[in-house]
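Thanks for coming. I will talk about the pockets in this one. Please have a look at the model first.

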Amino acid sequence: MKFGGALFASLAVGASAFSPASTGIVGKTTLSASKADLVTIAEKSNPKLGFYDPMNLADANFWDTGNEATIGFLRQSEIKHGRIAMFAFVGYIVQSNFVLPWSQTMAGAAHPSADLSPEAQWDAVPVGAKWQIFAVISMLELWDECGGGGAMPHYMSGRQPGKYPPFVLFRDNVHYVLDLYDPFGFNKKMNDETKERRLISELNNGRLAMMGIFGFLCADTIPGSVPALAKIAIPYAGEVMKPFEGQFSYFS
């Protein structure tokens, strides 16, 4: 099976990565984020590399919201992209070895075969299923942007970066649903030292996953571009940046 051994390693990495950051470093960056806070986080996450900001984004003022709000936006973006990359990296490995045994559609069509590359598997997903996936993602994004219906401030206005709002308002007025983070409350008594350590783990795991998933994509689409993956890469001639390629386009 492709990537068999890597699956368990990546799952172990991801297990510690989805803990939201709070306290310690984070306590200062919620309401008084500054470049100094970013330097502290960078030195803790990678002492050898330290703070690396070649584009001077930490000094920017996006949309005239102020530097603190800009840093909140940047931190939220990195954490979110890291989480999605971790999902993608693990998902790529799983999809390369295993697909769900039940039907994918009401008509009884099976899920795309694991013999296909994950990119080709996505192309084979019916357009209706893709729209459902994007609809759910859009709703989760909207809930994040509105702070869970006002339960939390915006991440550019004081919310702890990376902290996803609870579904209290939805749960009380629409339908019962578990929160995304710690749905059973197992981590409520976690101490500050553990939370800070998991913050650093999440940042590092997310950064590694971003490089990892793009390594897979490059290996499949550009033969020989990633020598370490040359023997297991499955050539893909499609366009990975066109999620609806051949099914839908604004320009056709």
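In the second largest pocket, α3 (35-45), α4 and α9 each supply at least two lining residues. This is a predicted model, where local features need pLDDT of at least 70, side-chain atom pairs count only at pLDDT 80 or more, and totals for chains, interfaces and linings use all residues. Residues are numbered from 1 along each chain as its sequence is written, and side-chain values use heavy atoms, without hydrogens and water.

Helices here are DSSP runs (H or I, at least four residues), numbered from the N terminus. A pocket, on a 1 Å grid over the protein atoms alone, is an open set of points where a 1.4 Å probe fits, with protein on both sides within 12 Å along at least five of seven lines; lining residues have an atom within 4 Å of a point.

The pocket holds about 730 Å³, a volume being the space filled by probe spheres set on the points. Its lining has 24 residues, with F51, Y52, D53, E78 and R207 closest to the centre.

Now the largest pocket, at about 2300 Å³. It has 50 lining residues, and I84, F87, A88, I133 and I137 lie nearest its centre. Which helices each supply at least two residues of this lining? They are α4 (67-97), α5 (118-124), α6 (127-145) and α9 (192-221). Here too α4 gives the largest share, 13 residues.

By class, this lining has 32 nonpolar, eight polar and 10 charged residues.

Note on methods
Nonpolar A, V, L, I, M, F, W, Y, C, P; charged D, E, K, R; others polar.
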